Amino acid sequence: MNTKLYKKVHTLAIELLKAADEENDQRFEQFYAELKAICYDNEADEIMNHPVQWETLGDFTEDGEEALAFYQKALDYAQAIDAKDYAASTSYAMASILQEAGDNERALELAKLAHNMASEGPDAELRKEIKALLNKFK
């Protein structure tokens with residue numbers, strides 16, 4: 001992954017969190033628009049396009065359907081580059097949204113995908129969260 005891109009996305013995520021904590025909608029929208037522009041500007045660039053930007057955009061998108069679309073882009077790119085950690089976290093995020101919306105069939109499918117992808121990764125906390133989500137379907 002391009003280090004410059006990662007740093008920019010990380011910085012924007014921090015600024016978005018600060019703006020949300022301060023309930024500063026104007027700043028939040030400004031940083032959100034900047035992140036969204038980065039995603040679309042990089043979408044056709046094989047080097048600069050990366051799942052982290054789309055997953056981060058999904059994380060800060062309030063509309064569930066729109067967030068799912070961004071997460072789907074992240075998942076597609078993660079699978080294309082065999083980035084199991086990003087595929088796991090993105091699948092988990094999508095499964096959580098779908099489970100809350102009552103679409104348990106699709107949620108379970110994505111939760112299982114997240115479980116399979118995370119089982120090979122180092123993120124024990126993510127595995128724990130995925131397992132808790134899977135337990136909701138029992």
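This is a predicted model: local features need pLDDT of at least 70, side-chain atom pairs count only at pLDDT 80 or more; totals for chains, interfaces and linings use all residues.
1. Residues are numbered from 1 along each chain as its sequence is written, and side-chain values use heavy atoms, with hydrogens and water left out.

2. Take α7 to begin with: it covers residues 124-135, twelve in total, and spans 17 Å from first C-alpha to last, close to the expected 16 Å (1.5 Å times one less than the number of residues). Helices here are DSSP runs of H or I, at least four residues, numbered from the N terminus.

3. Which residues of α7 are buried? They are L126, I130, L133 and L134 (buried means under 20% relative accessible area, exposed over 50%, with a 1.4 Å probe and protein chains only). Looking down the axis of α7, the buried residues sit within an arc of 100°, so they line one face of the helix (the arc is that of the directions from the helix axis to the C-beta atoms).

4. That buried set packs against α5 (84-100) and α6 (104-118). On the face turned away from the buried side you'll find K128 and K131, both exposed.

5. At the start of α7, a side-chain oxygen of D123 comes to within 3.2 Å of the backbone nitrogen of E125.

6. Now T61, in the loop between α3 (51-59) and α4 (64-80). Its relative accessible area is 9%, so T61 counts as buried. Leaving out residues up to four places away in sequence, T61 touches Y32, E66, A67 and F70 (heavy atoms within 4.5 Å).

How values were computed. Helices (H or I, at least four residues) and strands (E, at least two) are DSSP runs, numbered from the N terminus. A polar contact is a pair of N or O atoms within 3.5 Å; within protein, one must be able to donate a hydrogen and the other to accept it, and residues adjacent in sequence count only if both atoms are side-chain atoms.
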